[in-house]
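Hello,

Here is the structure I promised to hand over. Have a look at it first, and my notes follow below.

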Amino acid sequence: MASIREVAKRAGVAACTVSRVMNGTASVAPETRKKIEYAMRELDYIPNELARGMFRQRAGIVAMLVPSIRHPFFASLADCIENQLFFRGYKLMLCSTSGETEREREYLGFLKSNIVDGIIMAVSSLDREEYAALEKPVVMLDYYVNDSIPLVTADHRMGGKLAAEEFIRNGCRLVLHLCDEEKADRVVSFESHLELERILGEHGIESRRISISWNSPDMEVYTEEARRLLREYPEADGVMAADMVAAAFVNAALESGKKVPGNSVLWHLTELMRLI
């Protein structure tokens with residue numbers, strides 16, 4: 001592979017002039033720039049992006065940590081973020097933690113010691129202090145750390161309110177709502193479950209909070225859990241759950257002979273998936 005010195009020799013200029021063209025750090029005469037660009041194409045020169053990043057203190061790379069790249073939500077989210085970064089001159093480095101705390105910690109240690117321009121955190125297994133200690137720009141998804149770190153979230157209380165109103169409108173008497181209780185004090189989305197419980201309680205409707213990790217990409221695991229819950233709570237006539245878990249309830253209910261949309265759980269579930 002050609003070096004910057006070989007490009008400079010071919011163009012008849014100094015190596016520092018080639019560097020200025022690549023980094024845009026100073027003006028170069030148009031004719032000289034053309035010579036350098038022609039020499040780069042002729043030699044098939046590939047700039048060392050890492051070295052350029054160290055020189056400019058900008059890597060042009062943003063890292064994103066997700067629980068699993070197999071999960072449809074995080075795969076779609078990463079795809080959208082990658083497109084937006086690309087249009088702004090950045091590349092995306094995607095890191096999958098498999099929902100493991102130590103793997104997340106190792107990735108953060110790696111990113112601390114390597115050049116990335118920022119980190120998007122779609123995971124939240126660590127204590128707030130560890131995220132606050134990061135010395136790079138960080139954006140948290142659905143997990144509040146402190147007022148200095150930007151948070152991207154939704155109006156989860158409104159989501160819980162909309163869900164409760166849907167269950168009330170359809171005369172539900174027992175609502176199952178599935179969430180990851182281990183992260184109740186970490187993720188902002190847990191507010192939707194608290195709001196759901198509050199409003200249903202005010203209307204005399206029973207609700208059961210059931211803990212499940214929704215970051216898993218294993219549909220069969222979700223479907224088996226849905227089968228178990230439908231057997232355990234045959235009187236349940238409403239379900240609130242995240243995307244893949246909700247879809248698993250649809251599958252399990254179809255297996256048991258319920259229609260979609262139709263009776264019991266399924267009508268309310270499909271309507272809720274439409275609303276939230």
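Is Ile 81 buried or exposed? Ile 81 has 16% relative accessibility, so it counts as buried (buried is under 20% relative accessible area, exposed over 50% and partly exposed in between, with a 1.4 Å probe and protein chains only).

Before more, some background: this is a predicted model, where local features need pLDDT of at least 70 and side-chain atom pairs count only at pLDDT 80 or more, while totals for chains, interfaces and linings use all residues. Residues are numbered from 1 along each chain as its sequence is written, and side-chain values use heavy atoms, leaving out hydrogens and water.

Back to Ile 81, which sits in helix α5 (residues 72-87); helices here are DSSP runs of H or I with at least four residues, strands are E runs of at least two, and both are numbered from the N terminus. Leaving aside residues up to four places away in sequence, Ile 81 touches Met 64, Leu 92 and Ile 120 (contact means heavy atoms within 4.5 Å). Between the C-alpha atoms of Ile 81 and Met 64 there are 9.2 Å, and the two residues are 17 apart along the chain.

Enjoy exploring!
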